[in-house]
Amino acid sequence: MGARDGKRVRATPTATGRARVVTRRTVVELLELDDANARHLAAKLIHDFYQRVVADNQLWPYFIDQWGQDNMQAIRRHLSEVVLVLWGPPIDGKTFEALGARLRAAHEPYAIKPEHYTLLVAHLWSAALELRLPGDAIKPILEASVDVAPFVMPHHYPATMEGVT
């Protein structure tokens, strides 16, 4: 991903192998949010998301058993910051690769299964829909979930991500 005229861009491969560049306004611009409201909305989204995750019998062991209840607040804060990054100005390729390396190091010990990752994304989607976020606010998060899948599930990638996009 990169920047073009201050807008978020995404290079998408086409059937010919050439990249197609898609430009869009940032979510913060789209929703006309100031910094405080963007942070509040991201925190609410992540709070609702984790409420669903810890209520899911297939997913809560990743979070509570592996990281403990005390770490959940730190995880929520971190993921809220990630959402703000996705909603804000573009991320360059070098930054994305550095993020990917950190994600791989953090997630590799847990051997997350593709079906569990798909459930996580579904819970995120449900939380966003319940907050009545517009599709343009949800789309960058879902796109990023596909982009980071190889880093989060290095043991299982490439995996079928049907149902995620």
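Modeller: Helices themselves are DSSP runs (H or I, at least four residues), numbered from the N terminus. This is a predicted model, where local features need pLDDT of at least 70 and side-chain atom pairs count only at pLDDT 80 or more, while totals for chains, interfaces and linings use all residues. Residues are numbered from 1 along each chain, and side-chain values use heavy atoms, leaving out hydrogens and water.

Biologist: At roughly what angle do α2 and α6 cross?

Modeller: Their axes come within 8 Å of each other. Angles under 35 degrees count as roughly parallel, over 145 as roughly antiparallel, 65 to 115 as roughly perpendicular and the rest as oblique. α2 and α6 are therefore oblique to each other, crossing at roughly 130°.

Biologist: Which residues of α6 does α2 meet?

Modeller: Contact means heavy atoms within 4.5 Å. From α2, Leu-45, Ile-46, Asp-48, Phe-49, Arg-52 and Val-53 take part. On α6 they meet Leu-120, His-123, Leu-124, Ser-126, Ala-127, Ala-128 and Glu-130.

Biologist: And how far apart are the axes of α5 and α7?

Modeller: These two pack at an angle of about 50°, and that makes α5 oblique to α7. Phe-96 and Leu-103 are among the α5 residues in this contact, and Val-148 and Phe-151 among those of α7. The axes are 8 Å apart.

Biologist: What does Tyr-50 touch?

Modeller: Here we skip residues up to four places away in sequence. Tyr-50 then touches Phe-63, Met-72, Ile-75, Arg-76 and Leu-79.

Terms used: Axes fitted to C-alpha atoms, helices over the stretch in contact; angles between N-to-C directions.
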